[in-house]
Amino acid sequence: MRLRIKDYTTKVGSGVTPRGGAETYLNEGIPLFRSQNVTNDGFLMDDIAYISEEVDEMMKGTRVKPGDVLLNITGASIGRCFFTSNDFGRGNVNQHVCIIRPKKNVTLPAYLHYCIVSDKGQEQINLTQTGANREGLSIEDIKGFSFDIPPLSKQQRIVDYLDEKLGNIDARIAVLEKQQDAHARLKKSIIYHTVTRGLNPDVSLKDSGVDWIGMIPEHWELRRFKSIFTECKSITQTGEENLLSVSEYYGVARRIDKMEDGEYESRANSLIGYKVCKKNDLVINIMLAWKRGLGFSNFDGIVSPAYAVYRGKNIVPHYFHYLMRTDMYVTEYKRNSKGIIDSRLRMYTDRFNNIMSIFPPIPEQQTIADYLDEKCSKIDAAIENIGKQIDALKRLKRALINEVVTGQRAV
């Protein structure tokens, strides 16, 4: 029997943001479920917000109960949903999350969850989104969503079947994700050891005299960045000098091609005043250096004024690409940036220039870069292969859900 959500629920409604917003959130208390806490596979509780008893009392109309289906109704996570267990304690929701409370004698929460995350459910969500600037679902939209609602006994069989099959797939995904993480940690370790120790395991070491750098090969130097890099301040005067734009964070350039109307594809209205960079120049996002917002450009190009451009003096850029993205340097960028911690930090040239740097002989820089290119490409290929396996398993999960809730696969 095909029914609309409003035909078998006692509540369909979203919450509100507590008066005072985030300033009212506590470190403990009653959980407030926001859109980032709701996924199709469960609730993420790592960054859950908490509200007081008093605030919860003011929001008593949107309290979460056992067996409620929570659905994200705005933003990029629209359509994600999960349900609370029978032993769920207390909770509330903000305006970005909708509570759907099924009648227990008609619909199982777990079954409705599977219907909503299926292709049929997501199609209905995609067709009814509103808002010119932001995706959104109205309560009336949700009430009108319709699904095939079989007898409770069949719903239970479907839920049990999918729980078992998807649980097995999730277990396999978890194993693969651990393998991915292990490869990523191996890559990180190899890079760090190689850029700070070199390739000779028997090399004699010396104390660098810098606590955060530690021991380095005896024949290596320490230099400040100001003796390694020169800031480049050349800017575009007409916006036509160089039609390459260096992408954010990694210094990988992309071409800006002319479109049919003769204009150039660009996020900016004008390219005048952009900073000019050459191939192998170091490009740093001034505000995101401490988040690895830097890299060496692969092309001659331009970057927005939000970036700083530096040119190396007789260096192997690829060695410094690996060195300058290690954790110890990211920590040092943060320490030397000015501004509010974790917000609006800026890496200015005077601070950048003062940072100490490991400096191996030029031939050794090249040898290290070549070695890491080969090693990292193999690890990256393994990570990519595992990622493809994970994607295939996720597609299998979705296919199973679709086949079962639509009756294409009998259970």
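What share of the contacts in the chain with a separation of 6 or more comes from residues 24 or more positions apart? In this predicted model, the figure is 72%.

Here's the overall picture. The chain has 411 residues, and 45% of them are buried. Its secondary structure comes to 9 helices and 25 strands.

Now let's zoom in on the stretch around strand β19, which covers residues 282-285. Asn285 belongs to this strand. With a relative accessible area of 8%, Asn285 counts as buried, because the cut-off for that is under 20%. Asn285 also pairs up in an interesting listing with Pro305: the two sit 20 residues apart in sequence, and their C-alpha atoms are 9.2 Å apart in space.

The loops on either side of β19 are worth a look too. Asn280 lies in the loop between β18 (275-277) and β19, while Arg292 lies in the loop between β19 and β20 (294-296). Most residues other than glycine have a negative phi. Asn280, though, has a positive phi near 80°, and Arg292 has a positive phi of about 65°. Asn280 is partly exposed, and Arg292 falls in that class as well, at 26% relative accessibility.

Here are the accessibilities side by side:

| Residue | Relative accessible area | Class |
|---|---|---|
| Asn280 | 38% | partly exposed |
| Asn285 | 8% | buried |
| Arg292 | 26% | partly exposed |

Technical notes
Residues are numbered from 1 along each chain as its sequence is written. This is a predicted model: local features need pLDDT of at least 70, side-chain atom pairs count only at pLDDT 80 or more; totals for chains, interfaces and linings use all residues. Side-chain values use heavy atoms; hydrogens and water are left out. Helices (H or I, at least four residues) and strands (E, at least two) are DSSP runs, numbered from the N terminus. Buried means under 20% relative accessible area, exposed over 50%, partly exposed in between (1.4 Å probe, protein chains only). Contact means heavy atoms within 4.5 Å.
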